[in-house]
Amino acid sequence: MVVAVVLVVDRLTKHAVVSGIAVGAVHKFLPGVQLVHVRNSGVAFGFFSGGGALVLVLVLVALCALVAYFLLRPTRPGLWLATGLLVGGALGNLIDRLANGSVTDFIKLPLWPAFNVADMAITFGVLVLLYVLEGGRARDRTDG
């Protein structure tokens, strides 16, 4: 369910940006927040720009590893949320990468590269995953 929500919101927002904002255009949205239309051929924040097939392979390997981990521990509390956010975000950007050769980014904060809904899902997914993994270790230490 989380994967579907992330994908739908990501696709809808990217479609709105692609159809409503010219590439390179900047629009003020809220104080400190701009809407832009940027094409990103790398991964998070433009790292590995122009990586092409290597980026695709790395993303697919990471997704497979995460899904395998989830399938081996399906009852671990909170792991479903982290997995849903990470898989939904990765698939949202992967769809862009396969269809267009790059990802549409459109949220711009001061001193921060532009990003999108899929990037937010990935970021929050990593934070939830760290909490789930580290929270389990903290519980294990206090129980022992």
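A: Begin with a term that will be needed later: a polar contact is a pair of N or O atoms within 3.5 Å, where one must be able to donate a hydrogen and the other to accept it. The model shown is predicted.

Q: How many helices and strands does the chain have, and in which pattern do they follow along the sequence?

A: The chain has four helices and three strands. Along the sequence they follow the pattern α-β-β-α-α-β-α.

Q: Where is the confidence of the prediction lowest, and where is it highest?

A: Where pLDDT is low, the predicted coordinates should not be read in detail. For this chain the mean pLDDT is 87, and 86% of the residues reach 70 or more. Confidence is lowest in α4, with a mean of 82, and highest in α1, at 97.

Q: What is the order of the strands in the sheet?

A: Strands of a sheet pair through backbone hydrogen bonds, either parallel or antiparallel. Here the sheet is open, has three strands in the order β1-β2-β3, and its pairing is antiparallel. At the edges are β1 (26-30) and β3 (103-108), each of which pairs on one side only. From one strand to the next, the twist averages 30°.

Q: How many bridges join β1 to β2, and over how many do β2 and β3 pair?

A: β1 is joined by four bridges to β2, which spans residues 33-40. Within that pairing, L30 stands opposite V33 of β2. β2 and β3 pair over five bridges, again in the antiparallel sense. One of the residues to look at is N40, whose bridge partner in β3 is V103.

Q: Which helices lie across β2 and β3?

A: Helix α1 lies across β2 and β3 and runs at about 85° to β3. Helix α3 also lies across β2 and β3, but it runs at about 125° to β3. As for β3, this strand is mostly covered, with five of its six residues buried.

Q: Which residues make up the largest nonpolar core?

A: In soluble globular proteins, nonpolar side chains tend to be buried together. The largest nonpolar core here has nine residues: L63, L66, L79, A82, L86, V87, A90, L129 and V132. Three helices, α2 (53-72), α3 (79-100) and α4 (117-143), each supply at least two residues of this core. The largest share, five residues, comes from α3. To follow one member, take V87: leaving aside neighbours within four places in sequence, V87 is in contact with V3, L63, L66 and V67. There is also a second, separate core of seven residues, including I21, V33, I107 and V117.

Q: Is K14 buried or exposed?

A: K14 lies in helix α1. Its relative accessibility is 2%, so K14 counts as buried, the cut-off being under 20%. The side chain of K14 makes a polar contact with the side chain of N93, at 2.9 Å. Beyond neighbours within four places in sequence, K14 is in contact with several residues, among them G92, D96, V103, F106 and A118.

Q: What does the side chain of R11 reach?

A: R11 is another residue to look at in helix α1, which covers residues 2-20. The side chain of R11 reaches the backbone oxygen of G92 at 3.4 Å, and a pair of N or O atoms counts as a polar contact within 3.5 Å. With neighbours within four places in sequence left aside, R11 is in contact with G92, I95 and D96. R11 has a relative accessible area of 30%, and is therefore partly exposed. R11 and A118 are 107 residues apart in sequence, yet their C-alpha atoms are 8.9 Å apart in space.

Q: What share of the whole chain counts as buried?

A: Of the 144 residues of the chain, 33% count as buried. Among contacts between residues at least 6 apart in sequence, 64% join residues at least 24 apart.

Key. Residues are numbered from 1 along each chain as its sequence is written. This is a predicted model: local features need pLDDT of at least 70, side-chain atom pairs count only at pLDDT 80 or more; totals for chains, interfaces and linings use all residues. Side-chain values use heavy atoms; hydrogens and water are left out. Buried means under 20% relative accessible area, exposed over 50%, partly exposed in between (1.4 Å probe, protein chains only). Contact means heavy atoms within 4.5 Å. A nonpolar core is a set of buried Ala, Val, Leu, Ile, Met, Phe, Trp, Tyr and Cys residues joined through side-chain atoms within 4.5 Å. Two strands pair if DSSP finds at least two bridges between them. Axes are lines fitted to C-alpha atoms, for helices over the stretch in contact, and angles run from 0 to 180 degrees between N-to-C directions. pLDDT is the predictor's confidence in each residue, from 0 to 100.
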